[in-house]
Amino acid sequence: MSVDPIAEDFSVEDFLKPGWETLEAKLSFFSPYFRKLRAEGALMREAQGPAAAHMRYADPDAAGGARDVLMFGSNNYLGLANEPELIEKTVAALREFGVGCGGPPLLNGYTRLHRELEERLARLKGAEDALLYSSGYAANVGWLAALLSRKDVLLYDSLSHASLHDGIKMGSFKATPFAHNNMQDLRKRLMEVRYEAPYANVIVAVEGLYSMHGDTPPLREVRQLCDKFGALLAVDDAHGTGVLGALGHGIQEACELSGRVDVTLGTFSKVFAVAGGFVAGSNELVDFLRFYSRSYMFSASIPTPTVASVLAGLDFLEAHPERVQQLRENVDYLVAGLRAAGFDVEGQSAIVPLGVPERVSMQKLVWRLHQEGVFVNGITFPAVPKSKQRLRISMMATFTRADLDRALEVMARVLAEFGLPE
Ligand SMILES: Cc1ncc(COP(=O)(O)O)c(C=O)c1O
């Protein structure tokens, strides 16, 4: 390729163009691009302390080589990552069980805490049982590739997470997207797969909360359509758990559909602020997945201290439903402030997307915000189409009003530097 990967207008899209003679050429072309982004602080910024509402990041431009920021780029929505109660219980499990299990769950990586967590998660989602995976990603590829076979079809929302797409690639079943949250399109697809080319089993997959848009599905309507057409319903509630519903039990609670979802997927990497994932469903589903889900069978168990962190997170959620309420109030406050500053934003969840026109360099915008002490993620192509690039403002319950006022002042001032709102 003759273009310069360090050039200002170069984008990640350029690497998708074919024309690499050798692997070596491809890798050595990409490396300078990535290193430049990293050196500029656009990626992989180094945190110098625990994940929390106030964080410190290494920054060679700042006095003392570090900068304090308000963290609007984390999935640690309830602030559990640094909650003393969680730390104490995690340390106790660390002392009792050591750092890891030494094997996968079917062989030797299973403790009473792993079982307790499975039972608690099943109860949280109104399911009969649950099984734990090493990540939400592993859970998604695991259940999809294991459960569905050639005569089955998956109808999935077009904005579904990459892990669902990878589960489709790993499986051997038919998969068809339907337009995001569009019930007419879903109905049309259900009619096609039921009457025109009948499949043995139909599963409809939606998310509890879409992480790039911050919106939720019309789950009651989805359930009704599934019932009408004899389809199973799968919900990836990665971002909804701990956020939606008065008690934070997720989209099922918010839509009063507890126990009415056939396959629920969740992760510990969002509100629980650690890593790991789970699938909840019927006893028979969970038994089957324990054997046929390759990412479960052939992968080590999550470490027992991590299991203890999630159990402590569930205890915390039960004892402090006001944290969920505080998150809601913080979102409402920020959204009202951004609207007053002229921005067209929605606040259905802890994720508030703010559209940024294509002419604006997201990298520069994000870095300016960082320099002013506000950490926000910029979402660009290929995660979203170029015309839909956005700041993804992630809220935390542990921000004070003073924090939010400061963030609003910085956001309005920096965005104005870029001619926004237009
Ligand atoms: C909707 C959704 N599903 C699954 C995952 C994967 O979760 P994990 O980080 O546990 O691998 C994510 C993470 O971004 C997600 O947003």
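Which residue in S9 is the bridge partner of Tyr133?

First, some ground rules. This is a predicted model, in which local features need pLDDT of at least 70 and side-chain atom pairs count only at pLDDT 80 or more, while totals for chains, interfaces and linings use all residues. Residues are numbered from 1 along each chain as its sequence is written. When I say helix or strand, I mean DSSP runs numbered from the N terminus: H or I with at least four residues for helices, E with at least two for strands.

Let's start with the overall division. The domain assignment gives domain 1 as 40-71 + 321-417 and domain 2 as 84-319; such bounds come from an automatic or database assignment. The C-alpha centres of domain 1 and domain 2 lie 28 Å apart. Their contact takes 15 residues from domain 1 and 14 residues from domain 2, where contact means that C-beta atoms, placed from the backbone, lie within 7 Å. On the domain 1 side, helix H12 (321-340) and strand S10 (351-355) each supply at least two of the touching residues. That side divides into eleven nonpolar, two polar and two charged residues. For the classes, Ala, Val, Leu, Ile, Met, Phe, Trp, Tyr, Cys and Pro count as nonpolar, Asp, Glu, Lys and Arg as charged, and the others, Gly among them, as polar.

Now back to Tyr133. Its bridge partner in S9 is Gly277. Five bridges join S3 to strand S9 (residues 277-281), and these strands run antiparallel. Helix H9 (residues 283-292) packs on the sheet here, touching S3, S8 and S9, and its direction makes about 25° with that of S3. Angles run from 0 to 180 degrees between N-to-C directions, with axes as lines fitted to C-alpha atoms, for helices over the stretch in contact. Helix H4 lies across S3, strand S7 (232-236), strand S8 (263-267) and S9, running at about 155° to S8.

The whole sheet is open, has seven strands in the order S3-S9-S8-S7-S6-S4-S5, and shows mixed pairing. Two strands pair if DSSP finds at least two bridges between them. Strand S3 (129-133) and S5 are the edge strands, each pairing on one side only. Ignoring direction, neighbouring strands are turned by 20° against each other on average.

How many residues surround the ligand? There are 14, and the closest are Ser135, Gly136, Tyr137, Ala238 and Thr267; a residue counts as near if its C-beta atom, placed from the backbone, lies within 6 Å. Helix H4 (residues 136-147) gives the most to this shell, with three residues. By class, the shell has two nonpolar, ten polar and two charged residues.

Next, a helix pair. Helix H3 (residues 112-124) and helix H11 (residues 304-319) pack at an angle of about 35°, with axes 9 Å apart. Among the residues in this contact, Leu113 and Leu117 belong to H3, while Val307 and Leu311 belong to H11. The class count for the contact is eight nonpolar, two polar and two charged.

On to the other sheet. Five strands form an open sheet in the order S1-S2-S11-S12-S10, again with mixed pairing. Strand S1 (54-58) and S10 stand at the edges with a single partner strand each, so one side of each is left without a neighbour in the sheet. The twist averages 45° from one strand to the next. Strand S2 (residues 66-72) and strand S11 (residues 374-379) run parallel, joined by three bridges, and Met71 stands opposite Phe375 in S11. Helix H13 (residues 362-371) packs on the sheet, touching S2 and S11, with its direction at about 165° to that of S11. Helix H14 (residues 401-417) touches S2 and S11 too, and its direction makes about 100° with that of S2.

Last, some backbone details for anyone setting up calculations. The peptide bond from Phe381 to Pro382 is cis, with omega near 5°, and Pro382 is found in the loop between S11 and strand S12 (390-394). Another cis bond joins Leu420 and Pro421, with omega about 0°; Pro421 lies in the segment after H14. Asn181 has a positive phi of about 55° although it is not a glycine, and Asn181 sits in the loop between strand S5 (174-178) and helix H6 (183-196).

Thanks, everyone!

Definitions and conventions:
Contact = placed C-beta atoms within 7 Å.
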